[in-house]
Each structure stands twice: as structure tokens, then as C-alpha cells.
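Reader: I'd like a close look at one part of this model, the charged pairs. Could you walk me through them?

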Amino acid sequence: MGQDESIRIVHEDVLAFVRARAFRAPRPGQWNADQVLAHLVAIDRMTAAGAAELLSGGVPVIDNRPTQSIAYLNAIVDASGGRDFLSQMLDQAGREIGLLADQLTDTHRGTNVPTIVVDAGAVRVQQPRPFSVLLEPGHIERHLEQLASLAELP
């Protein structure tokens, strides 16, 4: 299984999980299930824009801070009109990444792009990284675990 196929599969896993579960409210200061999905949509949009820039001959700057903005996450949730449409947004964004990733050459994937990754207010990465790192499914898998922690028991 190729890298691009594994990111498609993990998107499908998230969507299947979300469609089959109800979710409880998070602890204070944590994201609710819809905000987690909105974050994944925002990350997918950021990654797709980066891939498109590489394909057009540029070098993107990857900065995940906007994808953690509560205002942006809530705007995505509100614009979606509900979890079903939010799930559709995530599905579409994941498909867009897949289509763009299929066009990336090894040179594109290996291009070091300036990257800033902030998590829980702390800078985790602030250095160039190969673009291929953004196509790995690990980030989505961690958020699937986060969704699992919010899922109500059957």
C-alpha cells in the first residue's frame, strides 16, 4: 500500500467512525467532535494548497496555526450546517489531497518546505521539512484517537 493510499484509508476510517457514533461534550478547553473534524478539514485544505503550490513551481510555507483557531474551526462547523455535511467536507478535502498527491513527483515530495507546527500552544516544529511528511496519515490517526476518547459508549 502506498503512502497516498494509506492517507485515503485513514480518511475513510475517520468518516466511518464519526458516522457510527454519538459524541459527548469534551472537558473544558478541549475541542468537541465537530471542532476536531473541522481541524482535519482545515489541515487538509492547508496540505492541498501546499501540494498545488509545489505543482505550480512554488515552495509553500506550511503553518498550522490557523488550523487551530477556534474562530476558524467554529466557522467551518457553522458553514457546514451539521455533522453530515462536515463529514462530506472532510471526504472532499481528503479526495482533493489524494488527487493532488497522485501528481507529485519524488522531487516534489522531497522538497523541504518551511514548516511551523504548533500544538496546544507550544511550537513543536519550526524548520524546513520534506513535503512528504504532510502526506503521512499519523496526524489524522491521532485525531481519530481523540474522537474515540469523545465517543459515547454503545
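Reader: Which residues are linked in a network of salt bridges?

Author: Those are E5, R8 and D102. A salt bridge here is a side-chain nitrogen of Lys or Arg within 4 Å of a carboxyl oxygen of Asp or Glu. Before going on, the ground rules: this is a predicted model, where local features need pLDDT of at least 70 and side-chain atom pairs count only at pLDDT 80 or more, while totals for chains, interfaces and linings use all residues. Residues are numbered from 1 along each chain as its sequence is written, and side-chain values use heavy atoms, with hydrogens and water left out.

R8 and D102 pair up through their side chains at 2.8 Å, N to O. The two sit 94 residues apart, with R8 in helix α1 and D102 in the loop between α4 and α5 (106–110); helices are DSSP runs (H or I, at least four residues), numbered from the N terminus. As for exposure, buried means under 20% relative accessible area, exposed over 50%, and partly exposed in between (1.4 Å probe, protein chains only). D102 comes out partly exposed at 48%, and R8 is partly exposed too, at 23%.

Overall, the structure holds six salt bridges. One of them joins D63 to R65, with the closest N and O atoms 2.5 Å apart. D63 is partly exposed at 21%, and R65 is partly exposed at 45%. Another brings together the side chains of D119 and R124 (4.0 Å, N to O). There, D119 is partly exposed at 42%, whereas R124 is exposed at 53%.
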